[in-house]
Amino acid sequence: MAGDFGRGAASGSQRLLAELYRNEIDGLRGYLTRLLKTPADAEDVAQEAFMRLCRRHDLAAYEHPRAVLFKTAYRLALNRLRSRRSNAIDRAHPLFAETPLPAADAPSAEEVLISREQERAYADALASLPPRCREVIELRTVQELSYKQMSDSLGISVSTLEKHLVRGKRVCAEALAGWASGRSFTPDAVAA
């Protein structure tokens, strides 16, 4: 009999969650997009907020489940914004994306040569990374996948993803800084 009560409460909670999702997902995505400035991040945070509510066994215990949903999403969005601020490479991306570049004449031979050398230094840095770390960097920078999409694709946790990203970005940034200052990149530094 106690088992029947637990099942009834769970299915009631599931129905409430499904109804909350149908009624609030569009508004929540819009709210989060305004906060986070990227639809992909907004989608990730919205899904995580619903997952957190799903883990609660009795959603009906909340007097205002919509308020709990939005407060949970707001806190997750703040965490996402804080993690963006902690990485200088991630902070630079929106600046480049929002600033229109002036029309440029054809690059000079010197500029082409410098660009090729810089690309080669970056490619060498990427090649020196462990395979999983390199794969994570490429998924994020080339395919521009969200953390959730990468996590699902690679079958690893977001925390592990973040560690690979931090390591890969550090190595690449150090390689490019070394290239800019005239030092050559040594893959042995990656092992550290």
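Let's start at R66, which is partly exposed, with a relative accessible area of 45%; here buried means under 20% relative accessible area, exposed over 50%, and partly exposed in between (1.4 Å probe, protein chains only). The model you are looking at is a predicted one, in which local features need pLDDT of at least 70 and side-chain atom pairs count only at pLDDT 80 or more, while totals for chains, interfaces and linings use all residues. Residues are numbered from 1 along each chain as its sequence is written, and side-chain values use heavy atoms, with hydrogens and water left out.

What does R66 pair with? Its partner in a salt bridge is E24, with the closest N and O atoms 2.9 Å apart; a salt bridge is a side-chain nitrogen of Lys or Arg within 4 Å of a carboxyl oxygen of Asp or Glu. This pair links distant parts of the chain, since E24 sits in helix 1 and R66 in helix 3, 42 residues apart. Helices are DSSP runs (H or I, at least four residues), numbered from the N terminus.

Another bridge joins R29 to E43, whose closest N and O atoms are 2.6 Å apart. R29 belongs to helix 1 and E43 to helix 2, so the pair ties together parts that are 14 residues apart in sequence. R29 is partly exposed at 26% relative accessibility, and E43 is partly exposed at 26%. D26 joins R29 and E43 in a network of salt bridges. Within helix 2, E48 and R52 form a salt bridge (3.1 Å, N to O); being four residues apart, they are separated by about one helical turn. Both are partly exposed, E48 at 28% and R52 at 39%. The count of salt bridges comes to ten.

Now for the interior. In soluble globular proteins, nonpolar side chains tend to be buried together. A nonpolar core is a set of buried Ala, Val, Leu, Ile, Met, Phe, Trp, Tyr and Cys residues joined through side-chain atoms within 4.5 Å. The largest core has 19 residues, of which L28, L32, F50 and L69 touch the most other members. Helix 1 (2-36), helix 2 (39-55) and helix 3 (65-85) each give two or more residues to this core. Leaving aside neighbours within four places in sequence, L28 is in contact (heavy atoms within 4.5 Å) with A46, F50, L69, F70 and A73. A second, separate core of 17 residues includes A125, L129, V171 and A175.

Finally, look at S146, in the loop between helix 6 (131-141) and helix 7. Is S146 buried or exposed? At 3% relative accessibility, S146 counts as buried. Beyond neighbours within four places in sequence, S146 is in contact with A40, D44 and R140.
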